[in-house]
Amino acid sequence: MVSMLDKRNRPLRDLRISVTDRCNFRCTYCMPADIFGPDYPFLKKEELLSFEEIERLAKLFAKDLGVVKLRITGGEPLMRKDLPILIEKLAKIPGIEDIAMTTNGTLLPLYADKLKKAGLQRVTISLDSLNPERFKQMNGRQMSIQKVFDGIEAAKKAGLAIKINMVVQKGVNEQDILPMATYFKTEGHTLRFIEFMDVGNSNKWNLAHVVTKKEIIEKIHSVYPIKPQPPRYAGEVASRFYYEDGAGEIGIISSVSDAFCGSCNRARLSARGELFTCLFASSGFDLKKIIRGTDDDQDITKILKERWSNRQDQYSVERDQQNGNQFNQKKVEMSYIGG
């Protein structure tokens, strides 16, 4: 297996591919409605990478840089027309061991079967509250929580592995931590709590709004005793915990209070074809211009290797060193590069 290391000796194993910057939600921590309104200039079709261009790049990442995992993101990836066709292309790439997708779940009743047959293995479904009114408020579109439950059920019936992601914000939905744990503990789906992150520039992030990993652990452990588990593989994002009664596990993604930059092995391909080597990056490298300008894959591979081998990103560590809120840096919006 190819082992392409960056300046901090981190291998590249995981490529996250955003297929659209559009979404049918307006979650306040990602695409707040006051900014992403009716007149917002979303990308035009010709500005997006085509499925063939995505496939070409994914093949090179797998063959020459060691990528073994692909995750499809957005925006809401299921708003990209004919997405199962792309999944089928990616599933045939030699060396790719795992293909997953992050989604809000509302369109899964239409696509879950097709996605599974095309080769998708797993879905991570975003759900930030079980309270119907709070959920409507948080998604910014008054979308019914039942649509997410329908999506979860559709994924289950299709045979897709399921994880649930909950972004926790102090003063917004921290009261839902235990109800979420209780519900998904009995449902048998792994629930992952995510610290509110300062991704992009529009979500009004403040360190005071972060419910930390430690606080989440204490809240759950007080009712459902949990014990930490070792990572299943190098670079695993979530800290894992098993319920001591044997009823499954939870995960906590803690890029704010417990930065994991030192083991980050992920690159991101934006919807417009830019390569980002950090979720919190200010800018990306325009691969779309490169691949539309040459038929020589060796030229592209050389560029990809140069970009990764010169990578030094450790944004979360640097933010911690500079006192959180005081670390002001313009960053790309999450809707362009996914989570």
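## Ground rules

Two parts of the protein are in contact when heavy atoms lie within 4.5 Å. Helices (H or I, at least four residues) and strands (E, at least two) are DSSP runs, numbered from the N terminus. What you're looking at is a predicted model, where local features need pLDDT of at least 70 and side-chain atom pairs count only at pLDDT 80 or more, while totals for chains, interfaces and linings use all residues. Residues are numbered from 1 along each chain as its sequence is written, and side-chain values use heavy atoms, with hydrogens and water left out.

## Helices α3 and α5

Let's start with α3 (residues 108-118) and α5 (residues 145-158): their axes come within 8 Å and cross at roughly 20°. That makes the two helices roughly parallel, a label for angles under 35 degrees. Axes here are lines fitted to C-alpha atoms over the stretch in contact, and angles run from 0 to 180 degrees between N-to-C directions.

The α3/α5 crossing is right-handed, meaning that the near helix is turned clockwise from the far one by less than a right angle. On the α3 side you'll find L108, P109, A112, D113 and K116, which meet D150, G151, A154, A155 and A158 of α5. Sorted by class, that's six nonpolar, one polar and three charged residues. (Ala, Val, Leu, Ile, Met, Phe, Trp, Tyr, Cys and Pro count as nonpolar, Asp, Glu, Lys and Arg as charged, and the others, Gly among them, as polar.)

## Helices α1 and α2

Now look at α1 (residues 51-65) and α2 (residues 83-91), whose axes come within 10 Å and cross at roughly 25°. So α1 and α2 are roughly parallel to each other, and their crossing is right-handed. From α1, the contact uses F51, E52, I54, E55 and A58; from α2, it uses L83, I85, L86, K89 and L90. By class, this contact has seven nonpolar, no polar and three charged residues.

Most residues other than glycine have a negative phi, and most peptide bonds are trans. N9 is not a glycine, yet its phi is positive, near 60°. You can find N9 in the segment before β1 (14-18).

Then there's the peptide bond joining G74 and G75, which is cis, with omega about 20°. G75 sits in the loop between β2 (69-73) and α2.

How values were computed:
Parallel < 35°, antiparallel > 145°, perpendicular 65-115°, else oblique.
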